[in-house]
Amino acid sequence: MTQQINISQIKGRVTRNKIYKGIFILAISLAMLALATLLYRILSQGLGYLSIDFLKNYPAPYIEEAGIFAGLMGSVFMMCITAPVSIILGVSTALYLEEYATQNRFTRFIQVNVQNLAGIPSIVFGLLGLTLFVYLLAMGYTLIAGALTMSLLVLPVIVVASQEAIRSVPKEIREASIAMGATKWQTIWRIVLPASIPGIITGAILALSRAIGETAPPLIIVGAAAAIYTIPDSFLSKYTVMPIQIYSWTARPQEEWQFVAAAGIIVLLAILLCMNAVAVWIRNKFQKRY
Amino acid sequence: MTAANVFSIEDFNLWYGNDQALYHINMAVPRKEITAVIGPSGCGKSTLLKTLNRMIETIPIVNTSGIIKYNDNNIFEKKQMVEELRTHVGMVFQKPNPFPKSIYENVAYGPKIHGIKKKNVLDEIVEKSLRGAAIWDEVKDRLNQNAYGLSGGQQQRICIARCLAIEPDVILMDEPTSALDPISTLKIEELIKELKKDYTIIIVTHNMQQAARISDKTAFMLNGELVEFSDTDQIFSNPKDKRTEDYITGRFG
Amino acid sequence: MTAANVFSIEDFNLWYGNDQALYHINMAVPRKEITAVIGPSGCGKSTLLKTLNRMIETIPIVNTSGIIKYNDNNIFEKKQMVEELRTHVGMVFQKPNPFPKSIYENVAYGPKIHGIKKKNVLDEIVEKSLRGAAIWDEVKDRLNQNAYGLSGGQQQRICIARCLAIEPDVILMDEPTSALDPISTLKIEELIKELKKDYTIIIVTHNMQQAARISDKTAFMLNGELVEFSDTDQIFSNPKDKRTEDYITGRFG
Amino acid sequence: ACGNAPNETENEEKETKNEANASEETSEETELSGPVSIDGSSTVLPIMEYVTYEYNQAHPEVEAVLNSSGSGGGFKKSTVGEIDFSNSSRPIKDEEKAQAEENGITLHEIEVAYDGLSVVVSQENDFVESLTVDQLKQIFLADGSATKWSDLNPDWPEEDIIIYSPGHDSGTFDYWNEVILEENPMREGENTTLSEDDNTLVTGVKSDPYAIGYFGYAYYIENENTLKALAIDNGDGNPIKPSGETIQDNSYSPLSRPLFTYVNVDSLKEKPQVYDFAKFTIENAGAAAESVGYVALPEEKYQEQLDEIKELAGK
Amino acid sequence: MVNKQSTANISVQDMIKQNKKKKNIGNGIEKFVPIFLLLCAIVSVLTTIGILFTLLRETFSFFSDVSLVDFYFGTHWSPWTDHFGGVAPLIAGTLLISFIAICVAVPIGLASAIYLSEYATERTRKVIKPILEVLAGIPTVVYGFFALTFVSPLLGNIFSEMRIFNALSAGIVVGIMIIPMIASLSEDAMSAVPHSLRDGGALGLGATRFEVAIKVVLPAALSGIIASIVLALSRAVGETMIVTIAAGATPNLTFNPTESIQTLTAFIVQGATGDTSFHSIIYKSIYAVGFTLFIFTLIMNILSQYISRRFKEDY
Ligand SMILES: Nc1ncnc2c1ncn2[C@@H]1O[C@H](COP(=O)(O)OP(=O)(O)OP(=O)(O)O)[C@@H](O)[C@H]1O
Ligand SMILES: Nc1ncnc2c1ncn2[C@@H]1O[C@H](COP(=O)(O)OP(=O)(O)OP(=O)(O)O)[C@@H](O)[C@H]1O
Ligand SMILES: [Mg+2]
Ligand SMILES: [Mg+2]
Ligand SMILES: O=P([O-])([O-])[O-]
């Protein structure tokens, strides 16, 4: 019975480990390669059309005067509403489900419901936003209607990610806090939330990246403009967002507009990178491995 | 408020789901003394301890019957606020469980959640508590470092300091020195004896010498039952129950 | 392969980032004997132990210098497969760390990854290891239950059983009994003495009595230095270093 | 708002296409402000974007907002009075008219430009130069007889005809459906590809020598070096290729079509900025069309429409 | 010195008592918070109700015109010729795209997650993870054109039968887009597995990193991994722009990935942003299709909940 373990077997396992490591590296390289190809194409097309004026100008029918300012500001203002609304709603929902809800049918129903919402295509949220915010709540085709539609759209992603993050906080440190006479909410606020911030932020960034980069269709339905010459000055302003401007440029027959669109995409990616940088910073600042 | 006993436990039973873990416990914990709970692994020591500050309620499958009075009030009564109970009944756990925060924040946590905000007061409490846990000298220069960078023993002493910071009436300790070296253990034992002047201490330990050294009363548990509970001297010199004797003399199991 | 010493450590240093945790360690661990490592909390006992099977490498900020030979081969050499080393050098940790699997699966894990698949062989290994860890009787009826339902002491004994299952050459134990009651401790101590016949054992402990009871050699560490290393009898009866003497007699700190 | 004057003159110098009367009118009405909302066809969008942009240069105080939710989407909003202008690549439908009437809304039709639906093949296609309308029917109708090029002409290769068509939901298809398919079902299945995005159709056709497709003139002009526009014979034995002239004088028939914007008559009457914008649109639509790849209407046609709206607005 | 006195006189417990008396607000918060959180949780339920309401209203009126049996069990989808017989081709298209996407994203995403959490140094992880997350934020329009103008031609060299609009390239690119969802969220779940498990247990027993990853970490993180895959799958099913641009608009009942297809979402976009008048039955059909999609994702999610509950391991 002693030492049924022989060396050649270990060698085989170690080799297998090496092979798989190679496969894993290959996989991640493939993903990076796809990203690199995409970026290369965009950069090579768009860089030449990028300038300060491009950032400052409103949409225009002439390539040299066209700019993304309206979309840029629209997207930024929209994020200023969507991010807090969806993060507060999403994290709250996750907290309710993980910390307060008792395991009953209603809880399970909310859970299934949230996951199901994540799968509903953005265009359907557009239809909802139109019915609910634009008409029923009489907001009209305004920034707030668009932003709230977006908030609902990204909500489920934030909920699911936050739940995972909250769940992974070890129960020992929760117990420690509760044993100090901390109330449930104090424990959540001071211990659970800080410990789960990295996960929550990751989820929120993924979700908001989606909100900022994607989904021209639902916003077209809730009335984001194709061309506009003002930037929002209130919740009830008309607005446009970057993806819509970019999409309308790509639809032009003249090839050069594709390059303008690429320049727009570069701006969008730059913003995305800034958001990710903030996320990374937060994550590194707070990340603890237990 | 002036009852002789801090806790009196009356015919207490506890189940994890369908498995009964505590059987008919009757026990009165005297004020300002050190009560040790000993017994073999799995006999229910931790379970009993966690019941006293109702931490056991964080496990949803737990059911109980019987009464536990803290200062003459049944702790299971509706009007008894569990947070208040836990302010008076502090706890130190078996596995070190510092928060993923700085050493300072770990110790200041208790006072902070109870509304103490002044920086200088907090500073003082932190220092005092860390000294009390015999770790001040080791960490005083790195109070802002994360507590996770410390060794196991250091972490546990941070946890003890954290508990001392809210100056509870009763301190429950679940094998608090099992991760400590003898010197720190000695310091903690001395500290416990010191604290006895003002506080009631209930300590679970697998170390009979420790129980004998520091406690006034000792409870011996076996398979969820309280076999014997009396003065430490008596338990160790002249146990009434055969099982206690066997356990103490190591003839057991 | 027949060197008298299993490990020989030569001028070994270790840093966590910029903080040096081990200083110029020189030490030869004899084959088929029990070597105890004692010292106050934070002195580097766990660090030294984890270095011997290169588990320390899972902490990325660690840097080392010096040589550690296992059976005459430097364990840090490229061609040395770390998995092979760890198969020969098993480890039991301070905090119980069972897998979130059934008790059976926990113990069968090691043999399984090493290619043992026959059900009856596995069954046998599992039973033998659980008996060895003095927990067979408690769990034999619930081998398929999750190991997390056990108490801390029970969990630790499962972890010991898990280590025994791959029958290593050397067993590193980091305060293996610090979460156990005396009876289990005694059983484990007996087991350790039993295992000595075939295996080399290095045990970190904060319990000087334990070191005195079971070990052949004792190493005393302080602040990352190996202060003294010789026969246990001599260390406890006639220590050469003043600091060792102070520590052993409790005058220390 | 008076401070705009220097800007305008500058603008005028640069944009010689802006007729003198435009600047004359605008300087009269420097007090204009308020919103103008425009929505509808994506086909008309480039023209209206040009107009809106130029208008904004002249009247920054007026908040013109341009959306693009399709001809149908535009009418959905205009027939309930949500917007002032509704762009469309097809004439308003009867049910939409009825809807508007129900809500007490009158929409006035303005033609802004012509588009010539161009039937194209790849430059690599070296056998076909022109097709008759009947041949188009054979190709595109569900029960048409031609599935291979050789079915049309025995000299042509015996290869499947690959069809690229705008999606059924576009104004472009609507027009094609009316004049070529005559409301009969179009061929579908294996060798038919539909896309809502004209650029993707261009990509499809140019990569396959046996492909045929159709889309707006602008997309052909921009891809002249990879695509070949076919001359279309509408039955008189005289195939005509699409060009600025043939589209404008309607000799490229039946595939040249007008593009519209519909203005809400109440807005026209009550909101001076809407009236001004409508006027500006008509005055500048020709230049806009040429600049973005469509074909301007004859000058007199614009003049006629200008008179019409002046009358409607009571000026 | 003065401070010393202050604590000598007043004990911490006294301070606590004083603070308790001062503010009973704490109690209020404790009662208010769960209610607030519940209300937030209910928002998601209301959203679903809102969507159902929006969808069902038109769906009912659609089914008063079109037979339910035909709609779900027919195989011919051609709404513009009034054939609503069978949404099957759209479902097939959606399944095909999702299947291809998952085939691309799960292996690559999981492999990346394992690499990042089990092999990579802290430094590498910190650099690569955010870079991967950039992939998630690239606008889908960009992915769409990437599929059409880069991946399709590339694949065209391999498969001669390949159409320029096809399910394969769209599916692959949708897969690329959802890689970061799987990689990033799975990595989070894996690194949440306590270190003592891998160090202690597994590595200490002589297991290789690979064995630790597969036998210890993966099972322990399974519920998180499944959640990430479901999230990604949902996104693939709901993805709109990429399939609209690159997969064509041809409702084919086929599982041949080189063919052009149409997904449920692509049809909704086509119907909702296009030219149709909103009284038409086509317009209503987009709601019926939307409702179908809703049911589709619901079934999928219930299934995954079941799976994830079965595999959940507590640690
Ligand atoms: N969360 C739980 N769920 C189910 N059973 C549990 C749980 N915690 C403990 N038990 C069981 O209750 C019994 C008493 O456990 P407890 O942890 O109180 O023992 P203990 O005396 O503290 O042991 P140790 O000295 O090993 O810590 C044991 O049999 C254990 O298996
Ligand atoms: N992961 C780590 N990162 C940085 N420093 C560490 C880490 N682990 C341990 N140390 C430091 O290294 C020193 C030695 O720690 P080690 O855990 O080896 O002590 P020990 O002798 O095992 O103590 P104990 O008896 O409390 O377990 C301590 O000062 C500790 O703070
Ligand atoms: Mg215990
Ligand atoms: Mg240690
Ligand atoms: O947007 P269209 O109605 O012109 O297709």
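These questions and answers go through ligand sites, a chain interface and salt bridges in a predicted model.

Q: What makes the site of ligand 5 a shared one?
A: Residues from chains D and E surround ligand 5, so the site is shared between chains. Nine residues surround this ligand. The closest are D:Ser41, D:Ser42, D:Thr43, D:Ser71 and D:Ser89.

Q: How do you know that D:Ser41 is in polar contact with ligand 5?
A: A polar side-chain atom of D:Ser41 lies 2.5 Å from an oxygen atom of ligand 5. The cut-off for a pair of N or O atoms is 3.5 Å, so the pair counts. D:Ser42 places a polar side-chain atom 2.6 Å from a ligand 5 oxygen. For D:Ser71 the value is 2.5 Å, again from a polar side-chain atom to an oxygen of ligand 5.

Q: How much of ligand 5 does the protein bury?
A: Ligand 5 taken alone exposes 200 Å². The protein buries 93% of that.

Q: What makes up the shell around ligand 5, by residue class?
A: Eight residues are polar and one is charged. No residue of this shell is nonpolar.

Q: Where does ligand 2 lie, and which residues come nearest?
A: Ligand 2 lies between chains B and C. There are 15 residues around it. C:Ser41, C:Gly42, C:Lys45, C:Ser46 and C:Thr47 come nearest.

Q: Why do C:Cys43, C:Lys45 and C:Thr47 count as polar contacts of ligand 2?
A: The limit is 3.5 Å between N or O atoms, so each pair must fall within it. A polar side-chain atom of C:Thr47 is 2.5 Å from a ligand 2 oxygen. For a polar side-chain atom of C:Lys45 the distance is 2.9 Å. C:Cys43 uses a polar backbone atom, 3.2 Å from an oxygen of ligand 2. Alone, ligand 2 exposes 640 Å², and the protein buries 81% of that.

Q: Which elements give two or more residues to the shell around ligand 2?
A: They are helix H6 (152-164) of chain B and helix H1 (45-52) of chain C. H1(C) gives the most, with three residues. By class, the shell has three nonpolar, ten polar and two charged residues.

Q: How do you know that chain A and chain E are in contact?
A: The contact takes 83 residues from chain A and 92 residues from chain E. The two chains bury about 7900 Å² between them. Of that area, 73% is on carbon and sulfur atoms.

Q: Why is the pair A:Arg16 and E:Glu211 called a salt bridge?
A: The closest N and O atoms are 3.9 Å apart. The cut-off is 4 Å between a side-chain nitrogen of Lys or Arg and a carboxyl oxygen of Asp or Glu, so the pair qualifies. The count between chain A and chain E is two salt bridges. Eight residue pairs are in polar contact across this interface, both residues at pLDDT 80 or more. On the side of chain A that touches chain E, the largest share, 19 residues, comes from helix H1 (residues 7-46) of chain A. That side has 49 nonpolar, 22 polar and twelve charged residues.

Q: What separates C:Glu127 and C:Arg131 along helix H4 of chain C?
A: About one helical turn, because they are four residues apart in helix H4 (residues 119-132) of chain C. C:Glu127 forms a salt bridge with C:Arg131, with the closest N and O atoms 2.7 Å apart. Over all chains, a search of the whole structure finds 46 salt bridges.

How values were computed:
Residues numbered from 1 in each chain as written. Chains lettered and ligands numbered in written order. Predicted model: local features only at pLDDT ≥ 70, side-chain atom pairs only at ≥ 80, totals over all residues. Heavy atoms only, no water. Near = heavy atom within 4 Å. Polar contact = N/O pair within 3.5 Å; in protein donor to acceptor, adjacent residues only side chain to side chain. Areas by Shrake-Rupley, 256 points an atom, 1.4 Å probe, with all protein chains shown as cover. Nonpolar A, V, L, I, M, F, W, Y, C, P; charged D, E, K, R; others polar. Contact = heavy atoms within 4.5 Å. Buried area = accessible area lost by both parts, 1.4 Å probe.
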